[in-house]
Amino acid sequence: MEAPSADRENLGLGLKPGDSHYRAYVGPPEDYDLIAAMTFNLLTTLGLRQHHSLIDIGCGSLRIGRLLIPYLNEGKYFGLEPNEWLVDEGIKRELGEALVRIKRPTFFFSDSPETVIRAKLSFDFALAQSIFSHCGLDLIKGWLSAVSSSLAEDGALVATFLPGEDDSHRTGWVYPECVNYRAATLERAASKVNLRFEILNWKHPRQTWALFAASKFDSNWFKNNALTWNAGLEKMLSQKKKEARVP
Ligand SMILES: C[S@@+](CC[C@H](N)C(=O)[O-])C[C@H]1O[C@@H](n2cnc3c(N)ncnc32)[C@H](O)[C@@H]1O
């Protein structure tokens, strides 16, 4: 059954990625809820908990931030976004001012990795959903370097990209068109800034999820096992048991 026309308009249904509606600008509006659910579930399966700090690179209209901000403790969510109107709309139409007052997220209105370096903050998790699919390799390297210098030693960036047989030669920000890279190219860029690159078996409707892990981020538990909530919780409980046994 099709949504009533007021709903279609509010939700931007039928519009194209890049159109000037807060939901359509960041991707196909039909998937706005799905992308949020997929990403929140991935992050919590990988171990994101309320006390962790997270930077959401290119946070857009808070498609994912509207779940992360209420979940994380006060002051733990950081969003970077050059288009301030997207964050304003996300707050007005999805999150609400009350949650902003309660959870005190920080927003950087910038398009530059330098902003993160200058902030001199440390993050447990970083997120780049549908960002590397729009970055020249120069900008990807900039983001990887900034993230690497700000991640905790057991922290990780999760990011999506579009795998291709060749690497794009574009530079800077490319939008709403997309760019492709070979996984080996991203792996090389990651290793140059001491990040471990792994493809994640976590389904996305169009892109591929990758992990860029700092040296002590534990990804062993899903090396030979499926990346599932059950496996993640099992690992966490056995770790707690071990810690409880230590005198
Ligand atoms: C495809 S949207 C994804 C938004 C959000 N991550 C999500 O999944 O809903 C890309 C976002 O990146 C922002 N952006 C633009 N230039 C950027 C840059 N240089 N670095 C990071 N993000 C940028 C855009 O304004 C837009 O909000």
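1. Let me begin with overall size. For 247 residues, a compact globule would have a radius of gyration near 18 Å, and the protein has 18 Å, which agrees. Please keep in mind that this is a predicted model. The C-alpha trace spans about 60 × 45 × 40 Å along its principal axes.

2. On the fold, I count with you nine helices and seven strands in the secondary structure. Of the contacts between residues at least 6 apart in sequence, 68% join residues at least 24 apart. Buried residues account for 49% of the 247 residues.

3. The accessible surface comes to about 12500 Å², and carbon and sulfur atoms hold 51% of it. There are 29 positive and 30 negative charges, and their mean positions lie 6 Å apart.

4. Helix α4 deserves a look. Which of its residues are buried? In this helix, residues 84-95, they are Leu86, Val87, Glu89, Gly90, Ile91 and Leu95. An α-helix has 3.6 residues a turn, so residues three or four places apart point the same way. The cover over the buried residues of α4 includes α3 (65-71), α5 (97-103) and β3 (106-108).

5. Now the aromatic residues: the whole structure contains 14 aromatic pairs. One of them joins Phe78 and Phe108, and this pair is stacked because the ring centres are 6.4 Å apart and the planes meet at 15 degrees. Phe78 sits in strand β2 (residues 77-80) and Phe108 in strand β3, so the pair ties together parts that are 30 residues apart in sequence.

6. Trp221 and Phe222 form an edge-to-face aromatic pair, with 4.8 Å centre to centre and 85 degrees between the planes. Trp221 is buried, at a relative accessible area of 10%, and Phe222 is buried at 10%. Elsewhere on your screen, look for Tyr25, Trp85, Trp173 and Tyr175, which ring pairs link into a cluster.

7. Finally, a loop position. Is Ala226 buried, or partly exposed? Its relative accessible area is 48%; because exposed means over 50%, Ala226 counts as partly exposed. Ala226 lies in the loop between β7 (208-213) and α9 (229-245). Its C-alpha atom is separated by 29 Å from that of Cys178, a residue 48 positions away along the chain.

Technical notes:
Residues numbered from 1 in each chain as written. Predicted model: local features only at pLDDT ≥ 70, side-chain atom pairs only at ≥ 80, totals over all residues. Heavy atoms only, no water. Helix = DSSP H or I, 4+ residues; strand = E, 2+ residues; numbered from the N terminus. Rg over C-alpha atoms; globule rule 2.2 N^0.38 Å. Buried < 20%, exposed > 50% of the residue type's maximum accessible area, 1.4 Å probe, protein only. Contact = heavy atoms within 4.5 Å. Areas by Shrake-Rupley, 256 points an atom, 1.4 Å probe, with all protein chains shown as cover. Lys, Arg positive; Asp, Glu negative; His and termini not counted. Charge placed at Lys NZ, Arg CZ, Asp CG, Glu CD. Phe/Tyr/Trp six-rings, centres within 6.5 Å; stacked < 30°, edge-to-face > 60°.
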